[in-house]
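Subject: Structure for your files

Hello,

The structure is below, with my notes after it. Please read them with the model open.

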Amino acid sequence: MASEWKQGLFNCFGDCEICCCGLCCSPCLTYGTANDLGKSGLLYCLLGCIMPCIPTLLLRQEARERYNIEGETMEDVGTAFCCTACVQCQTAVEIKERGDSSK
């Protein structure tokens with residue numbers, strides 16, 4: 001059975017450390033999230049400097065698949081393009097609360 005996200009999309013302040021990191025240094029949050037998911041943090045960070053919504057989308061989908069979170073690809077695309085910072089924070093918090101974060 002599919003689960004839900006532990007933190008809502010617009011609950012950015014649910015984890016102030018991640019929220020501040022996302023607001024002050026979005027590439028740092030992208031780098032850390034990618035590393036936590038076993039991806040190349042540097043590659044995702046560089047891609048995020050060019051087009052921030054793309055690595056955000058890819059990392060959200062990876063987290064959703066890994067933790068069996070219900071949702072659809074088009075929903076991921078819409079949220080990643082329209083609410084990039086919120087999606088970054090939500091994905092990072094999910095990894096942290098599932099115990100896969102290096103922090």
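**What was found**

Helix H4 is followed by Asn68, whose phi is positive, near 55°. Helices here are DSSP runs of H or I with at least four residues, numbered from the N terminus. This is a predicted model, in which local features need pLDDT of at least 70 and side-chain atom pairs count only at pLDDT 80 or more, while totals for chains, interfaces and linings use all residues. Residues are numbered from 1 along each chain as its sequence is written, and side-chain values use heavy atoms, with hydrogens and water left out.

**Helix H4**

The 14 residues of H4 should span 20 Å at 1.5 Å a residue, and its end C-alpha atoms are 20 Å apart, which agrees; the expected span is 1.5 Å times one less than the number of residues. Its buried residues are Cys53, Pro55, Thr56, Leu57, Leu59, Arg60, Gln61, Ala63 and Arg64. Buried means under 20% relative accessible area, exposed over 50%, and partly exposed in between, with a 1.4 Å probe and protein chains only. The cover over these residues includes H2, H3, H5 (73-82) and H6 (84-97).

Thr56 lies in H4, which runs over residues 53-66, and counts as buried because its relative accessibility is 3%. Not counting residues up to four places away in sequence, Thr56 touches Ala80, Thr84, Val87 and Gln88; contact means heavy atoms within 4.5 Å.

**Helix packing**

H4 and H6 pack at about 35°, with their axes 10 Å apart. Axes are lines fitted to C-alpha atoms, for helices over the stretch in contact, and angles run from 0 to 180 degrees between N-to-C directions. On the H4 side the contact is made by Cys53, Thr56, Leu59, Arg60 and Ala63, and on the H6 side by Thr84, Val87, Gln88, Gln90 and Thr91.

H2 (residues 26-36) and H3 (residues 41-50) pack at an angle of about 145°, and their axes are 8 Å apart. Here Pro27, Thr30, Tyr31, Ala34 and Asn35 of H2 meet Gly41, Leu42, Tyr44, Cys45 and Cys49 of H3.

**Nonpolar cores**

The largest nonpolar core has nine residues: Trp5, Ala34, Leu37, Tyr44, Leu59, Ala63, Tyr67, Ile69 and Ile95. Such a core is a set of buried Ala, Val, Leu, Ile, Met, Phe, Trp, Tyr and Cys residues joined through side-chain atoms within 4.5 Å. A second, separate core of five residues includes Ile18, Leu29, Cys89 and Ala92.

Regards

How values were computed. Helix = DSSP H or I, 4+ residues; strand = E, 2+ residues; numbered from the N terminus.
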